[in-house]
Amino acid sequence: MTVDHSIRAETDTLAAALRQFEVERFYTDEAALLDAHRYHEWVQLFSDDTHYFMPIRRTRLRRELDKEFTKPGEIAYFDDTKPILLGRVAKLATGTAWAEDPPSRTRHFVTNVRIEEDRGDELEVSSNFILYRTRLKSEETTWAGSRRDLLRRHEGSFLIARRHILLEQTVLLSQNLSNFF
Amino acid sequence: MAIAAEKLQQLVSLDRGEIDRSIFSDSEIFEQEITSIFGRSWLFLCHESQIAKAGDFFEAPMGRDNVLVVRQKDGGIKGLLNTCAHRGNAVCRAEEGNVKNFMCTYHGWTYDLAGKLIGVPGLQELYHNELDLAAHGLREVAQLDTYRGFVFATADRDAPPLAEFLGRTGRAGLEMIAGQGEMEVVPGIQKFVIPCNWKFAVDNLFDWYHPQITHLSALQAGLVPAPTDPRGRQMSATGVAGPDGAELELMGGVANEDTPDQIVFLDVFGHALAGPTVETMGNLDGAVDHSWRDTPRAREALGPMARRAVGHTNIFPTLWIAPEIRQVSLRVPRGPELTEIWWFTFVPREAGPQERAMTIQAAIHVFGPAGALEQEDGENWTQSTIQTRGTASRMIPQALKMNLGRGKIVDDDGQDPPYIECGINEHGQLWTFASWMAWLSGCGWDELRNRTTPPDVI
Ligand code: FES
Ligand SMILES: [Fe+2]
């Protein structure tokens with residue numbers, strides 16, 4: 001009996017480790033695409049019904065913390081469907097998107113990946129990120145935050161069916177958001 | 001110490017259409033702006049709908065002062081300086097919310113919604129009941145008033161009443177939002193920081209010359225519909241080529257040299273509007289709804305030119321009004337080379353889900369830090385600011401010479417502000433700087449009104 005138990009526990013752990021590896025490998029590959037400015041390939045990682053959303057965060061008292069973030073249907077920084085994401089990528093490819101020419105130098109770090117729920121075909125995943133950006137001679141920005149993703153299993157990998165990006169900043173300490181998170 | 005009058009006079013030339021670059025980074029000038037402009041002017045704080053219930057508050061900047069705009073129990077609105085009468089600590093550290101009181105977290109002095117000091121720890125034991133509570137309330141702004149739901153305040157007791165300060169241009173600009181319905185602010189004020197001088201961020205709202213180049217990528221990618229010339233003409237762009245030598249293909253074409261397709265308002269205290277006529281802009285494939293311009297309310301409140309003007313208004317110094325997208329934006333000066341941008345979005349209370357969604361989507365995807373247009377703006381202003389520092393560079397005057405001397409200003413003393421019918425121009429920018437110079441001189445309100453009364457020609 002005990003042997004059975006420990007084998008099952010070991011199998012579960014191995015399955016969880018494998019799943020963790022799959023998700024983390026997906027995220028590091030995704031980050032590599034962004035940092036290499038391979039936006040056409042990056043945007044293909046999103047499902048057609050995706051929702052790419054970055055709400056506005058507000059400094060509120062602890063007793064009103066439920067109102068810290070704006071919700072879909074209110075004002076946000078990003079509130080994108082797949083066609084809008086494709087439009088952003090098309091804009092970057094025009095050769096006249098001056099905010100990214102010369103391109104920003106970016107480095108994405110994705111950590112603390114936690115699979116919150118596994119429904120078989122879909123996974124709720126939270127992660128932390130740091131996006132470091134430097135532009136031209138003197139501009140430097142660091143954004144830290146978390147992402148709440150819905151990952152959908154697809155052809156041995158995943159599609160991002162939802163990404164909510166929660167920045168730590170309230171007043172954005174940058175002149176724009178011309179990069180992806 | 002005030003800047004000498006002779007030096008001030010040399011900073012802006014209306015005749016030559018030139019401005020001295022140093023005004024975009026000189027710290028002495030910035031300090032004088034804080035006192036002479038932001039310490040006296042009426043400044044937009046927020047919209048009434050943001051503080052609907054008693055105890056609702058919104059913190060807004062007035063120069064370097066932080067003001068709590070607070071809805072009172074009797075329905076009124078007060079503007080209270082967010083600083084404790086004891087040792088000056090901020091009495092509220094959230095940007096918005098709802099409270100019953102403001103309690104200072106340093107020693108616990110507590111103020112009611114009207115700013116009255118109602119609680120002091122040890123009032124009896126330590127102050128022996130001798131502290132004059134009435135004299136130690138939160139300080140109020142000198143004047144606070146609203147116009148069509150927009151809340152403004154000034155730190156100057158001598159400032160003229162708000163409606164008079166706004167002039168015909170400011171009142172028309174606010175009406176262009178307020179007249180679209182029972183307007184309310186959609187939750188979520190976008191706030192971000194651009195390392196540029198605030199005046200670059202302000203004067204750009206009159207600039208209908210830059211979109212076809214600055215925002216070319218957004219037009220090419222189809223994220224923003226390109227305005228076309230009603231007669232199908234194209235602006236000449238011979239010799240305009242990228243670093244690879246390839247000539248740029250312009251998407252816009254609004255450039256009639258003989259037919260006026262733009263309307264400009266120039267007004268007292270430096271208020272102005274500039275931009276295309278409603279016929280020129282069209283409805284951009286259904287993206288813009290102009291129907292409000294023909295309502296009885298609009299006919300009553302706006303003159304015929306204002307109903308045809310699709311341009312952006314600046315209520316001097318820093319309130320940008322963009323009616324076509326139902327937004328207003330504040331350009332908040334934080335330092336000579338640092339400006340905060342705040343975007344407020346409006347929707348009619350009675351709007352259905354589809355209209356509401358369209359307004360919100362447009363607000364997020366056009367302006368704002370991730371918007372298809374405004375992503376590109378910041379870097380132009382930042383780099384323009386940086387290049388005012390160089391010993392040699394700052395000696396080169398900036399040129400605002402487009403259509404200079406061709407702007408005939410008509411003031412028929414009707415409802416319409418003093419207006420110009422013309423092609424794309426730099427009149428709004430130049431007027432802003434000419435008025436700015438008058439403000440900076442620190443002259444009294446009557447003289448300021450005189451000095452900012454538009455000439456016959458610009
Ligand atoms: S500083 Fe506010 S109570 Fe002392
Ligand atoms: Fe712009």
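Colleague: In what order do the elements of chain A run from the N terminus on?

Modeller: They run α-α-β-β-α-β-β-β-β, which is three helices and six strands. Helices (H or I, at least four residues) and strands (E, at least two) are DSSP runs, numbered from the N terminus. This is a predicted model, where local features need pLDDT of at least 70 and side-chain atom pairs count only at pLDDT 80 or more, while totals for chains, interfaces and linings use all residues. Residues are numbered from 1 along each chain as its sequence is written, chains are lettered from A and ligands numbered from 1 in the order in which they are written, and side-chain values use heavy atoms, with hydrogens and water left out.

Colleague: What box do the C-alpha atoms of chain A fill, and what share of its residues is buried?

Modeller: The box is roughly 65 × 45 × 30 Å along the principal axes. Of the 181 residues in chain A, 48% are buried. Buried means under 20% relative accessible area, exposed over 50%, and partly exposed in between, with a 1.4 Å probe and protein chains only.

Colleague: And how much of the contacts in chain A comes from residues 24 or more positions apart?

Modeller: Such pairs account for 60% of the contacts with a separation of 6 or more. Contact means heavy atoms within 4.5 Å.

Colleague: Next, A:Glu100. Where is its place in chain A?

Modeller: A:Glu100 is in the loop between helix H3 (82-92) and strand S3 (105-118). A:Glu100 is buried yet has no salt bridge. A salt bridge is a side-chain nitrogen of Lys or Arg within 4 Å of a carboxyl oxygen of Asp or Glu. For charge, Lys and Arg count as positive and Asp and Glu as negative; His and the chain ends are not counted.

Colleague: Which side chain of opposite charge is nearest to A:Glu100?

Modeller: A:Arg133, at 4.2 Å. The side chain of A:Glu100 does make a polar contact with that of A:Ser104, at 2.8 Å. A polar contact is a pair of N or O atoms within 3.5 Å; within protein, one must be able to donate a hydrogen and the other to accept it, and residues adjacent in sequence count only if both atoms are side-chain atoms.

Colleague: What sits in that loop with a cis peptide bond?

Modeller: A:Pro102 lies in the loop between H3 and S3 of chain A, and a cis peptide bond joins A:Asp101 to A:Pro102, with omega about 5 degrees. Chain B has a cis bond between B:Phe316 and B:Pro317, also with omega about 5 degrees. B:Pro317 is in the loop between strand S17 (312-315) and strand S18 (319-322).

Colleague: Which residue has a positive phi although it is not a glycine?

Modeller: B:Arg148, at about 50 degrees. Another is B:Arg326, with phi near 60 degrees. Most residues other than glycine have a negative phi.

Colleague: Last one, B:Asp267. What does its side chain make a polar contact with?

Modeller: The side chain of B:Thr169, at 2.8 Å. B:Asp267 is buried without a salt bridge, and the nearest side chain of opposite charge, B:Arg168, is 4.8 Å away.
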